[in-house]
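Here is a short report on the fold.

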Amino acid sequence: MIDSIIIRTVSILGPGLLGGSLALALKKYSPGIKVHLCGRREEPLETARKLDAADLYTVDLNEAVQGSDLVVLATPVGTMRSMMEQVAAGNLEQALVTDVGSVKGCVHRDVGSWLSERNVAFIGSHPMAGSEKQGMEYADPELFCNAMVALTNEENLSSSLVSSLRLFWETVGGRVIEMDSVSHDRAVARISHMPHALASVCARGSGKDCTDMLDSLKALAAGGFRDTTRVSMGKPSMWAEILMENGEEVLAALDTCAAELDCLRNLLRQGNRDALKLWLQGAGDMRRTIMHPSPDESGLE
């Protein structure tokens, strides 16, 4: 297994939003790196060709990873292991493998440990970047600018490899943090996965049992509804997989939310305006603690 690496060639397996954006970002910010882009279908690769996103376009996994220093798994987490099983181990011995999955524990169990047993280096990555829109046609070279990127080194690879991967993500604009997979999955359950689930609850609940007033809902829906429910427009198959893969932590986060909803219901039933104001103040305080308001939110204070 390699202990250090110089990244000259990157293979991106999966020309979707993240994989395509990474290819475009490398072309823009690190044009000296050669990019291989691999997809299951020709259609997204043709879109990538029109965008001049890579140096090599292929549907052949072994051709894609041949001679690569870094292999990036940019496919759904559930497909990563089977994808690696199709690649000849000899094509990966001199490469570092990473991924862009939003859950890390299962990736290390299913992919990282399997690769490690075959003397292939793996470090997990999770760029906190994305959109409710999916596909190569929505790829954006600026997608990773100022995005947090979590690195999880559960296989305890060398600090040199971690540093190389850190520099790689910093090159495309990422801000890197290192953490263990348990802490990562617990954190993203609360600041990404649970909010997505609640956005879906809000979207479903807004029109349920209200078919007689849909015209009014459509006429009055504005910024608050748009912003609160935007992420519910994400690809259902992708988000079903994410929520299931991190199910234990998401359930714990939803239990906490259920307790907060019970508290809110009780305050409304009691007509306790002062307590309700304190409850709402606590919500704002927690948001300010976790995320500094942007300039356009100053009027909400």
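Helices (H or I, at least four residues) and strands (E, at least two) are DSSP runs, numbered from the N terminus. Residues are numbered from 1 along each chain as its sequence is written, and side-chain values use heavy atoms, with hydrogens and water left out. This is a predicted model: local features need pLDDT of at least 70, side-chain atom pairs count only at pLDDT 80 or more, and totals for chains, interfaces and linings use all residues.

Most residues other than glycine have a negative phi. Asn119 has a positive phi, and Asn146 has a positive phi too.

Strands of a sheet pair through backbone hydrogen bonds, either parallel or antiparallel. Here, two strands pair if DSSP finds at least two bridges between them. Six strands form an open sheet in the order 3-2-1-4-5-6, and the pairing is parallel. Strand 3 (56–58) and strand 6 (121–122) are the edges. Each has a single partner strand, so one side of each lacks a neighbour in the sheet.

Strand 1 (residues 9–13) runs parallel to strand 4 (residues 70–73), and four bridges join them. Ser11 has Val71 of strand 4 as its bridge partner.

Helix 2 (residues 42–50) lies across strand 2 (34–38) and strand 3, at about 165° to strand 3. Axes are lines fitted to C-alpha atoms, for helices over the stretch in contact, and angles run from 0 to 180 degrees between N-to-C directions.

**Helices 11 and 12**

How do the axes of helix 11 and helix 12 cross? Helix 11 (residues 247–270) and helix 12 (residues 273–290) have axes that come within 9 Å and cross at roughly 155°. The two helices are therefore roughly antiparallel (over 145 degrees).

Which residues make the contact (heavy atoms within 4.5 Å)? Helix 11 supplies Glu260, Cys263, Leu264, Leu267 and Leu268, while helix 12 supplies Ala275, Leu276 and Trp279. By class, the contact has seven nonpolar, no polar and one charged residues. Ala, Val, Leu, Ile, Met, Phe, Trp, Tyr, Cys and Pro count as nonpolar, Asp, Glu, Lys and Arg as charged, and the others, Gly among them, as polar.

Key. Angles under 35 degrees count as roughly parallel, over 145 as roughly antiparallel, 65 to 115 as roughly perpendicular and the rest as oblique. Contact means heavy atoms within 4.5 Å.
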